[in-house]
Amino acid sequence: METICGLAHFGLYVNDMEVSKKFYTEILGFQFAFETNQEGGPHLCFLRNGNCEVELIARPGAQLPDGHFDHLCLRVTDIEAAVAHLKKHGIATEFPIREMPQVYQGIRMVMFRGPDGEHLEFNEFC
């Protein structure tokens with residue numbers, strides 16, 4: 001379809017909006033874009049980092065199991081520095097940095113979890 005020009009955002013269900021906002025802004029460097037919290041509706045917060053945008057969605061009283069989306073992949077320019085930053089904040093990776101020459105023209109990647117168990121990935125293009 002010709003009118004699609006890129007990714008708009010990923011919607012991510014969260015248990016605690018403030019905990020998730022702090023994680024995405026203070027640890028991953030996202031910037032606040034927009035927030036709304038209408039009575040009787042979900043609390044929505046949009047955060048942006050470069051051309052990547054995440055919509056955090058909190059529904060009062062809802063408990064989320066792991067797997068409320070598959071994963072969110074964030075592109076990084078220095079994966080070692082990104083992993084060191086996670087470790088500095090007490091966030092473990094699921095495995096060491098992997099080299100994947102078969103993906104695109106080659107990537108380096110690692111997976112980790114956010115505060116609600118969301119599956120996150122860092123990619124560095126070779």
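**Exercise 1.** In this predicted model, find how the residues lining the largest pocket divide into nonpolar, polar and charged.

*Solution.* Sort the lining residues by class: 15 are nonpolar, seven are polar and two are charged. The lining has 24 residues, and those closest to the pocket centre are C52, C73, L74, R75 and V76. The space in the pocket comes to about 640 Å³.

**Exercise 2.** Determine which elements give two or more residues to the lining of the largest pocket, and which of them gives the largest share.

*Solution.* Start with the elements: β5 (72-75), α2 (79-88) and β8 (119-125) each give two or more residues. Then look for the largest share, which is the four residues from β5.

**Exercise 3.** Count the disulfides in the whole structure, then explain why C52 is in none.

*Solution.* A search of the whole structure gives zero disulfides. For C45, the nearest cysteine sulfur is that of C52, 14 Å away. Next take C52 itself. Its closest cysteine sulfur belongs to C73 and is 8.6 Å away. A disulfide requires two cysteine sulfur atoms within 2.5 Å, so the distance from C52 to C73 is too far for a bond. Finally, check the accessibility of the two residues. C45 has a relative accessible area of 0%, and C52 has 12%. Buried means under 20%, so C45 is buried and C52 counts as buried.

**Exercise 4.** Describe helix α1 from its N-terminal end to the residue just after the helix.

*Solution.* At the N-terminal end, D16 caps α1, with a side-chain oxygen 3.0 Å from the backbone nitrogen of E18. Within the helix, residues 17-27, the buried ones are M17, S20, K21, F23, Y24 and I27. To read such a list, recall that an α-helix has 3.6 residues a turn, so residues three or four places apart point the same way. Just after α1, G29 has a positive phi of about 80°.

**Exercise 5.** Trace the pairing of strand β3 with β2 and with β4.

*Solution.* Take β3 first: this strand covers residues 43-49, and five of its seven residues are buried. On one pairing, β2 (residues 31-37) and β3 are antiparallel over six bridges, with Q31 opposite R48. Five residues lie between the strands of this hairpin, where G40 has a positive phi near 85°. On the other pairing, β3 and β4 (residues 52-58) are antiparallel over seven bridges, and H43 has A58 as its bridge partner. Two residues separate β3 from β4 in their hairpin, and G50 in the turn takes a positive phi of about 65°.

Methods:
Residues are numbered from 1 along each chain as its sequence is written. This is a predicted model: local features need pLDDT of at least 70, side-chain atom pairs count only at pLDDT 80 or more; totals for chains, interfaces and linings use all residues. Side-chain values use heavy atoms; hydrogens and water are left out. Buried means under 20% relative accessible area, exposed over 50%, partly exposed in between (1.4 Å probe, protein chains only). On a 1 Å grid over the protein atoms alone, a cavity is a set of points where a 1.4 Å probe fits but cannot get out, and a pocket is an open set with protein on both sides within 12 Å along at least five of seven lines; lining residues have an atom within 4 Å of a point. Grid points are joined across faces, edges and corners, and a volume is the space filled by probe spheres set on the points. Ala, Val, Leu, Ile, Met, Phe, Trp, Tyr, Cys and Pro count as nonpolar, Asp, Glu, Lys and Arg as charged, and the others, Gly among them, as polar. A polar contact is a pair of N or O atoms within 3.5 Å; within protein, one must be able to donate a hydrogen and the other to accept it, and residues adjacent in sequence count only if both atoms are side-chain atoms. Two strands pair if DSSP finds at least two bridges between them.
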